[in-house]
Structure formats: structure tokens, C-alpha cells
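Here is a quick tour of the salt bridges in this model. Have the sequence and the 3D view open as you read.

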Amino acid sequence: VTFCIVSPSLSDRISRAAINAGAHGPIVFLSEGRGLRDRLGWLRITKEREKEVLMVIAEEDKADQVFNAMAKGGELHLPGRGFMYRLPIDRGVYNLPSRAAGRRQEASLQQIIHAIDHLQGHTHWRDRSLLELGGDGVSTEMVTNHTSRFLDDHYRVFAMVSRSQLQPLVDLLLDSGAPGLNFNVARAVGGAHAYEAGEVHLNSEYALVRSICDEATAQRMAVAIEGDSATRGVTDVCVSISSVDRVATYVPGHIDYRAAS
């Protein structure tokens, strides 16, 4: 399963890239992002807090193809574009259509691309992006190096915390070195988390907090939660750490070469 965290303006094009690569339409949910920039006074106004998280489940033989297409479609190798990671699934059952179309077409997209490859005599045309400049509808074609640099050996720190204790936990994780966080609110159904109020069955609200980082940072975050959470008033929290087999995001020092055609 692939999770892609981007601004709402990018979710549609990444969704199309995933579908064209053979995945089902992504499941999208709203989230909020936090990071070190939130603590830099007026600089925090330059960062969008509202994010959309795209969740895509793909068969094992299509996983790399879908992941690469989403990274390319969102240009995640550029700074400030977003963050994407993938988690392995040992077992699962789902019934989601691989493709959807509003009408029958005489040729599939793969057949059309193959035909253009044959006419062009190469596949480099696939790296061309159309950029619309100004309001007159004039477009300029640029040749873009879409080579992405994926990160390995990363971990996901996942915490479920009572919503009322979210902010102390966010501060604790950032203080322990978390490079960034995203979270959304959910509810725990039934059991000890629910109680009756008249004829209404109420459930407790929880925040689901995620951070992707290297192993050393993940361990620091786990130690901080275990040792300091109670002193900061975080008493209702559950944490897990799992390995991430691939990450796509901007890597400082990686140059994106561009030249007009």
C-alpha cells in the first residue's frame, strides 16, 4: 500500500498517474501536516497545513510501476511537492476496479503510447511536460528530467493518541527530532472507548499521527514517548514502528536538470 501526502492541488494529477499505471482510483482523506517550520514564527505562513493523503493498494507485480508513476506525476523530486512512502502488506482482500472509464474506447492507453513510441522511434517524448504560461492559453514545452531518487531503510512511527492530548504529543515528537508529522482524527468504536449519553452512543475521538524517518530518529521518538509522555500530560497513547521499503520526496543536493526543447 502506498501513501502519498501532498497539497490538494496535486492530488488529481497523482491520482490519474496511479490509474494510468494500472492501480485503482486512490482513496483520499484529509490530513494536517506539522513540522519544524511551524515553530519559526512568521515563516509558518509559507507552509500549507492542510494536506490530502492518497492511499493506493496495488498488486505486487504492479507496485513499483504505480509508485514510480505517482512520484513522476507529482514531481516529488522537487522541493515542497510532497512525500510518499510504501508499506508491504502480508495479506489482504479487496475488490476495487483496476481501471474506470466513462465510455468505451477503440484503443487502450497502453496501445496508444506504444503506437506513439513506434512513430517517434524512441520513448523520450514521455518526459515532455506542457506548462501553461500566462492567461492567453499559450503553452511551452519543456524537457524534464524525471529521474527520482528513492530512499531506503526508513521507518514509520505511528501513534494513536486521545485528541485532547494531540498537541503535547506533537511537541514531544518534534523535540525528539521528527522531520515532519501528519495526522487526522478518527473515532474508536465500542468497548471501553464508548459510553451512553441518554439514547446516544458516544465514542472517543483519537488522532492518528504518522512520521517517516530513519531508524535512529525512530528510536529516539520511541524512547521520548516512553520516558517523557506522562510528564507532558500524554497518558492515552499507543505507538508502533514499522519498516518502509521505499520513500519518494525531495532530497537536498539532487539537481533537477531542465532545458528548453
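## What counts as a salt bridge

A salt bridge here is a side-chain nitrogen of Lys or Arg within 4 Å of a carboxyl oxygen of Asp or Glu. Side chains of opposite charge can pair when their charged atoms come close. By that cut-off, the structure has six salt bridges.

A word on the source: this is a predicted model, where local features need pLDDT of at least 70 and side-chain atom pairs count only at pLDDT 80 or more, while totals for chains, interfaces and linings use all residues. Residues are numbered from 1 along each chain as its sequence is written, and side-chain values use heavy atoms, with hydrogens and water left out.

## Glu75 and Arg81

Glu75 pairs up with Arg81, with 3.3 Å between the closest N and O atoms. Glu75 is buried at 11% relative accessibility, and Arg81 is partly exposed at 21% (buried is under 20% relative accessible area, exposed over 50%, partly exposed in between, using a 1.4 Å probe and protein chains only).

## Arg86 and its partners

Arg86 is buried, at 10% relative accessible area. One of its salt bridges goes to Asp64, with the closest N and O atoms 2.9 Å apart. Asp64 sits in helix H2 (residues 63-73) and Arg86 in strand E4 (residues 82-86), so this pair ties together parts 22 residues apart in sequence. Helices (H or I, at least four residues) and strands (E, at least two) are DSSP runs, numbered from the N terminus.

Arg86 also bridges to Asp245, at 3.3 Å between the closest N and O atoms. Asp245 lies in the loop between strands E12 (237-244) and E13 (246-249), so that pair joins parts 159 residues apart in sequence. Asp64, Arg86, Asp245 and Arg246 are linked in a salt-bridge network.
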